[in-house]
Amino acid sequence: MPERSEAVATEGVLLPRLRRPGWRRAIETREASIVAVLLVLGTVLSIAYPQFRTLDNVNNILLAVAQVAIVGVGMTMVIVTGGIDVSVGSALAVCAVVVGQQVQDGAGVPGAIAVGVAVGTAIGLVNGLLIAFGRVHSIIITFGMLNILRVVSFKVTGGRWLSGLPDTLGYFGSGRLAGLPFAWWIAMALAAVATYYLRCRPTGRHLYALGGNAETARLAGVSVLKRTIFVYTITGTLVGVASIVFVGGTGVVQTNVGVGFELDVIAAVVIGGTSILGGKGTVIGTLLGALLVGTIRNALVIVNLSALYTGLILGALILATVALDLLRRRRVEQ
């Protein structure tokens, strides 16, 4: 099929410019690159380590990925607007402690879930209000919140583990639907809703405008305050949902819950193609990025390498992705 062309004005002369067909643009996307890497990585690991391709191991990867993907949906919106939230790991700890404590105190599972999600929403709302009205960079506000919430979770538990949580709650972490973890279906449903919102709703497209140029977006009528508060609040809500999956999957709440969780979430979002500078990104890319992060973590366990290598690999991937993004942005500006 011949490539279509369009006229381009260059110094007063009309020159033909070739337009790439849709399939070529599709395979050049970040999502297609991640799918290719996953296929190669999965094939190599399946051949070298037969235990990697077992159904139980695949479900373990999807369950671990689900928690990252659920929060990654909100983090994608935050980073698209040009912000970042590094407090999600500590917020996850607080929500998990609240859910576990509520259940141990005799509250029903639905009530404990509602309280956990409400606490996550409240944390996100506070972040959003401070960032929107304080006019302080989001990394400063959320870094402060990270430390405050870590102390809060430790004080609530007194340094003790919470255990003996009911099996009903476990369905959110270990239950299966059509052979796959129930939590993975939750993550995909949330990703579908977020994708529709970002692509089809005017307020969703406002988030890209805000990340592209906040002042221009404001002059165009975008409510910067409302959109900023919204993305941090929805991220907090999703942290509450992820905490239920976490508690349901482990059956206990440890004192170090969520340590390093923010690195996994941010890595999934950035590796998935969302620009750390804002204005660009997709939730589908974040899902694929979460799958890549989860596969790398699982592979390191199978090959019996230290967990330290996980941070090394994820850190290197983030730096490489950000460097490529900066080069692309500079080339566009030139």
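How many cavities of 30 Å³ or more does a search of the whole structure find? The search finds two. Keep in mind that this is a predicted model.

Take the largest cavity. Its space comes to about 40 Å³. The residues lining the largest cavity are Arg-30, Val-270, Gly-273, Thr-274, Ser-275, Ile-276, Lys-280, Thr-321, Val-322 and Asp-325. By type, that lining divides into three nonpolar, four polar and three charged residues. Helix α14, residues 308-333, gives the largest share of the lining, three residues.

Now the second largest cavity. Its volume is also given as about 40 Å³. Around the second largest cavity are Asp-85, Ser-87, Val-88, Ala-91, Gly-120, Ile-123, Gly-124, Asn-127, Thr-235, Gly-236 and Val-239. Three helices, α4 (88-104), α5 and α11, supply at least two lining residues each. Which of the helices gives the most to this lining? That is α5, with four residues. The lining of the second largest cavity splits into four nonpolar, six polar and one charged.

Next, the packing. The largest nonpolar core has 86 residues, and Leu-169 and Val-253 have the most contacts inside it. Helix α3, residues 55-80, provides the largest share of this core, 15 residues.

What does Leu-169 touch, if we leave aside its neighbours within four places in sequence? The list is Val-99, Val-103, Val-109, Ile-113, Ile-244, Val-247 and Gly-248.

On to the aromatic rings. A pair of aromatic rings is described by the distance of the centres and the angle of the planes. The count here is two aromatic pairs.

Phe-172 sits in helix α7 (residues 167-174) and Phe-182 in helix α8 (residues 182-200), so the pair ties together parts that are 10 residues apart in sequence. Phe-172 has a relative accessible area of 24%, so this residue is partly exposed.

The other pair is Tyr-197 with Phe-230, and it is tilted, with 5.7 Å centre to centre and 50° between the planes. This pair links distant parts of the chain, 33 residues apart: Tyr-197 belongs to helix α8 and Phe-230 to helix α11, residues 224-250. Are the two partners buried or exposed? Tyr-197 counts as buried because its relative accessibility is 15%, and the cut-off for buried is under 20%. Phe-230, at 29%, counts as partly exposed.

Last, the backbone. Which residue in the loop between α5 and α6 deserves a look? That is Arg-135, in the loop between α5 (109-134) and α6 (138-157). Arg-135 is not a glycine, yet its phi is positive, about 55°. With 76% relative accessibility, Arg-135 is exposed.

Ala-178 also has a positive phi, near 55°, in a residue other than glycine. Where is Ala-178 found? Ala-178 is in the loop between β3 (176-177) and β4 (180-181). The relative accessible area of Ala-178 is 70%, so this residue is exposed too.

To recap, the search gave two cavities of 30 Å³ or more, the largest nonpolar core has 86 residues, and there are two aromatic pairs. That is the end of my part.

Terms used:
Residues numbered from 1 in each chain as written. Predicted model: local features only at pLDDT ≥ 70, side-chain atom pairs only at ≥ 80, totals over all residues. Heavy atoms only, no water. Buried < 20%, exposed > 50% of the residue type's maximum accessible area, 1.4 Å probe, protein only. Phe/Tyr/Trp six-rings, centres within 6.5 Å; stacked < 30°, edge-to-face > 60°. Core = buried A, V, L, I, M, F, W, Y, C linked by side-chain atoms within 4.5 Å. Contact = heavy atoms within 4.5 Å. 1 Å grid on protein atoms, 1.4 Å probe; cavity = no way out; pocket = protein on both sides within 12 Å on 5 of 7 lines; lining within 4 Å. Points joined across faces, edges and corners; volume = space filled by probe spheres on them. Nonpolar A, V, L, I, M, F, W, Y, C, P; charged D, E, K, R; others polar.
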